[in-house]
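Biologist: I would like a close look at one part of this protein. Please take me through it step by step.

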Amino acid sequence: MAQDAEKDDQLKEIGRRLRATREALGLTQEQLATSINVGRTAYTNWEKGDRMPDPLAIARLAERYGATMDWIYRGNMSGLQLSLATKIEPLLLRSSRAGG
């Protein structure tokens with residue numbers, strides 16, 4: 001049970017990072033999903049933390065927009081372009097205060 005709760009928390013965190021990244025890029029869910037060749041419903045499930053994102057799609061996200069896999073999956077901002085990181089940070093703080 002504790003492992004399930006931990007996995008759920010990890011999925012929610014990945015979803016928060018995806019949402020903040022998308023918002024920092026100024027894209028809708030539909031636009032981002034289309035640009036990385038996934039359906040909007042699948043992408044929405046990733047942002048909500050309902051499903052684990054497809055690594056190949058996240059690799060395309062990294063390639064096209066500079067949002068590294070290390071950032072999306074582990075929360076390590078060190079490899080992000082500074083311009084993207086500075087847009088993401090306030091969005092994450094806002095979502096933390098709003099409760100997710």
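Biologist: Where is the place of M52? Please describe that part and what it links to.

Modeller: This is a predicted model. The protein averages a pLDDT of 93, and 95% of the residues score at least 70. M52 sits in the loop between α3 (40–48) and α4 (55–65). M52 is partly exposed, because its relative accessibility is 44%. From M52 to A42 is ten residues in sequence. In space, their C-alpha atoms lie 9.6 Å apart.

Now take D50. D50 forms a salt bridge with K12, with 4.0 Å between the closest N and O atoms. This pair links distant parts of the chain. K12 is in helix α1, D50 is in the loop between α3 and α4, and 38 residues separate them. Why can such pairs form? Side chains of opposite charge can pair when their charged atoms come close.

D50 also meets K48 in a salt bridge, at 3.6 Å from N to O. K12, K48 and D50 are therefore linked in a network of salt bridges, since a salt bridge needs a Lys or Arg side-chain nitrogen within 4 Å of an Asp or Glu carboxyl oxygen.

How covered are these three? K12 has 42% relative accessibility, so K12 counts as partly exposed. D50, at 38%, is partly exposed. K48 is partly exposed too, with a relative accessible area of 45%.

The count for the model comes to eight salt bridges. Another one of them joins E13 and R16, at 2.8 Å from N to O. E13 and R16 are three residues apart in helix α1, so about one helical turn separates them. E13 is partly exposed at 32%, whereas R16 is buried at 19%.

Key: Residues are numbered from 1 along each chain as its sequence is written. This is a predicted model: local features need pLDDT of at least 70, side-chain atom pairs count only at pLDDT 80 or more; totals for chains, interfaces and linings use all residues. Side-chain values use heavy atoms; hydrogens and water are left out. pLDDT is the predictor's confidence in each residue, from 0 to 100. Helices (H or I, at least four residues) and strands (E, at least two) are DSSP runs, numbered from the N terminus. Buried means under 20% relative accessible area, exposed over 50%, partly exposed in between (1.4 Å probe, protein chains only).
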